[in-house]
Amino acid sequence: ESPLMTKRALPALAIGLLALAIRPVAAADAPKLTLRKGDRVIIVGNTLAERMQYFGGFETLLYSRFPELDLVVHDLGWSADELTLRPRSAGFKNHGHELADEKPDVVIAAFGFNESFGGPEGLAKFRSDLAKFIDETTSTKYNGNSAPKLVLLSPIAQEDLGDPHITDGKANNKNIALYSDAMGAPGTYEGTYIGMLDHNITTVARALGGQVPPRGMQGRLSTQ
């Protein structure tokens with residue numbers, strides 16, 4: 001994931017999360033994510049999560065919309081992290097920054113991009129690893145009282161930069177779409193899913209003056 005791709009995806013991510021948190025409440029249409037005063041929002045995952053440390057758009061929009069909630073946002077994202085692989089330098093210490101230490105009320109998890117390089121053959125393992133991650137995250141009372149609410153972010157699309165030295169992303173995006181669909185499958189888990197493929201490609205297309213595909217939380221990205 002390039003810094004350019006990630007920077008362009010972050011506004012869409014912020015808007016998507018805020019929309020989930022603030023849409024009007026009706027008896028038959030309760031919000032999927034409700035923030036409470038003092039909630040600790042912990043972000044984990046790959047480069048998409050890690051780069052959010054360098055661009056403050058998400059926190060700015062979150063705090064400006066909910067100034068009365070006194071939310072705490074900590075980002076534990078690390079480039080190349082996967083569900084079951086967290087590469088670190090030899091002797092690396094987490095220094096008290098694991099979920100058990102952070103005591104989250106809300107976990108935002110960005111995975112699936114690095115795993116997608118496993119292609120169709122790796123999809124079964126990814127589904128199994130994802131199920132274990134979801135089960136552990138949504139059943140562990142890190143804060144001592146209740147398990148956190150979980151928000152899954154699908155991987156973002158690879159942008160075609162028109163550089164002959166870099167792939168155009170078509171093959172990678174086919175795999176990314178497979179893994180994104182696996183994360184957002186209906187009935188997968190009790191929580192919130194944001195399909196970043198459509199949001200990211202919409203943002204990029206508009207920025208470059210191109211044709212914008214149909215919008216939607218779980219829209220499909222063209223790989224042709």
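Is Asp70 exposed, partly exposed or buried? Asp70 counts as partly exposed, at 48% relative accessibility; here buried means under 20% relative accessible area, exposed over 50%, and partly exposed in between (1.4 Å probe, protein chains only).

1. A word on the basis. This is a predicted model, in which local features need pLDDT of at least 70 and side-chain atom pairs count only at pLDDT 80 or more, while totals for chains, interfaces and linings use all residues. Residues are numbered from 1 along each chain as its sequence is written, and side-chain values use heavy atoms, with hydrogens and water left out.

2. The fold. Seven helices and five strands make up the chain's list of elements (DSSP runs numbered from the N terminus: helices are H or I, at least four residues; strands are E, at least two). Their order along the sequence is α-β-α-α-β-α-β-α-β-α-β-α. Among contacts with a separation of 6 or more, 74% join residues 24 or more positions apart, contact meaning heavy atoms within 4.5 Å.

3. Burial and surface. Of the 224 residues, 44% count as buried. The chain exposes about 11500 Å², and carbon and sulfur atoms supply 55% of that area (Shrake-Rupley method, 1.4 Å probe; for residues, only the protein chains shown count as cover).

4. Back to Asp70. Its side chain meets that of Lys37 in a salt bridge, 2.8 Å from N to O; the term requires a side-chain nitrogen of Lys or Arg within 4 Å of a carboxyl oxygen of Asp or Glu. The pair links distant parts of the chain, 33 residues apart: Asp70 sits in the loop between helix H3 (57-65) and strand E2 (72-75), and Lys37 in the loop between helix H1 (3-22) and E1. Lys37 counts as exposed, at 56% relative accessibility.

5. Lys125 and Asp129 pair at 2.6 Å, N to O. Both belong to helix H5, four residues apart, about one turn of the helix. Lys125 is exposed at 51%, whereas Asp129 is buried at 13%.

6. Another pair to look at. Glu50 and Arg51 form a salt bridge at 3.5 Å, N to O. Glu50 is buried, with 11% relative accessibility, and Arg51 is partly exposed, with 25%. In total, the structure holds six salt bridges.
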